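Me: I have a chain open in the viewer. Could we go through how its strands and loops are arranged?

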Amino acid sequence: MNCEIPGPLRKPEVRRILKAIKEGEVTEFKPSLSYERGVFYPKIDKILPDSNLDYGFLEDLERYGILRKEFYDAIVTCPSCGSHRLILKLRCPSCGSTRLNKGSMIEHFRCGYVDLEDKFLKGGNLVCPKCGKELRMLGVDYRRPGVFFKCGSCGSITAIPDQEYVCGDCEKKFDLEELSIKEMFTFKVEPNGRSLIEMWSIDFGELAEVLGKAGYIVKYPATLKGASGVEHHFEFALLNPEAPNNVEYVIDVELEENEINEVKVLSFFAKAFDVKAKRKILVAIPKLNRRAREMAKNYKITVLENLSPKDIPSAVLEAIKKKKDLL
Ligand SMILES: [Zn+2]
Ligand SMILES: [Zn+2]
Ligand SMILES: [Zn+2]
């Protein structure tokens, strides 16, 4: 089985979502709708409160068998810009006017006159405005065919006015035939989704135990205060048990869809330097680019590349064992 972490699942935000799924915090992501935001997923916003990640990664998680999508609802959107902020206008099919009066219609059988109910109302009774006769019994001398629209400009009556939509964002005008329909989906965690995530997670538990038994203070994840006073986060840190302020090792894992660049190497070095770490290991998945590798070499950073998640802890242990003074 291929244990490589698929590229789209290496983004830090996506890893946080995967962690929440793995730990059983969520079993499904249900969409919500608001005029401000359109379709959104409250549970994702809760896990990633300050991210503006688009929800496309949900489709990725479906593609990799972690989630399954189910139809939830659908909304209409602008065919031009995709916005959900639409304004609906009703127009007279005869003259195009928006000056429509809506109401319950009455048809007087005797003279055939049809108009809105309020035109028939006279002192609490119904009186035909055309022939002046009083309407007496529903179904006998008049009927109510339902709700209709009467044009205030040309007087024509219709049950189905033309619909015109105006996009609240790009101001495009379009009709029913042109509009787009956007489906909303609930994404449910697949029964074997958690074991898939397990396969793509890096488990440092065993490594921590081995190094702990070897006499080191192990922290993972580790937050260490640097000489500058800033707190730095590392995936893993080994401290000297005799002098816990002495940081023997810092280890970080960087994941990217493609090659990892020198910015990541530089920031790792800066953090390690600030906490006065003696040795530095950077696990790079899939690998560093050429310039980043040169930089890592100059900064004396041990680099571990092209590893499957399950092989990372043992590779880290091997790298530590190579320095005999530490184990
Ligand atoms: Zn009449
Ligand atoms: Zn009209
Ligand atoms: Zn638009």
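Me: How many bridges join S16 to strand S17, and in which sense do they run?
Reply: This is a predicted model, in which local features need pLDDT of at least 70, side-chain atom pairs count only at pLDDT 80 or more, and totals for chains, interfaces and linings use all residues. Residues are numbered from 1 along each chain as its sequence is written, while chains are lettered from A and ligands numbered from 1 in the order in which they are written. S16 and S17 (residues 231-234) run antiparallel and are joined by four bridges. Strands (E, at least two residues) and helices (H or I, at least four) are DSSP runs, numbered from the N terminus, and two strands pair if DSSP finds at least two bridges between them.

Me: Which residue in S17 is the bridge partner of Thr-223?
Reply: His-233 is its partner. The two strands form a hairpin with five residues between them, and Gly-229 in the turn has a positive phi of about 95°.

Me: Where do the side chains of S16 point?
Reply: They alternate along residues 222-225. A residue is buried if 20 or more other C-beta atoms, placed from the backbone, lie within 10 Å of its own, exposed if 12 or fewer, and partly exposed in between.

Me: Changing topic: what is the order of the three-strand open sheet?
Reply: The order is S1-S14-S4, with antiparallel pairing. S1 and S4 stand at the edges with a single partner strand each, so one side of each has no neighbour in the sheet.

Me: How many bridges does S14 have with S4?
Reply: S4 (residues 67-77) pairs with S14 over 10 bridges. Within that pairing, Val-76 has Ile-181 as its bridge partner, and Ala-74 stands opposite Glu-183. S1 (residues 28-29) pairs with S14 (residues 180-189) over two bridges, and there Phe-29 stands opposite Phe-187.

Me: Which helix lies across those strands?
Reply: Helix H3 (residues 56-63) lies across S1, S4 and S14, running at about 145° to S4. Such angles run from 0 to 180 degrees between N-to-C directions, and the axes are lines fitted to C-alpha atoms, for helices over the stretch in contact. Two residues are in contact if their C-beta atoms, placed from the backbone, lie within 7 Å.

Me: And the five-strand sheet, what is its order?
Reply: This open sheet has the order S15-S18-S19-S20-S21, and its pairing is mixed. S15 (217-219) and S21 (301-305) stand at the edges, each with a single partner strand, so one side of each is left without a neighbour in the sheet. The twist averages 15° from one strand to the next. S19 (residues 247-255) and S20 (residues 279-285) pair in the parallel sense over seven bridges, with Glu-254 opposite Ala-284.

Me: Where is the cis peptide bond?
Reply: It joins Ile-285 and Pro-286, with omega about 0°. Pro-286 is placed in the loop between S20 and helix H8 (290-298). Most peptide bonds are trans, and most residues other than glycine have a negative phi.
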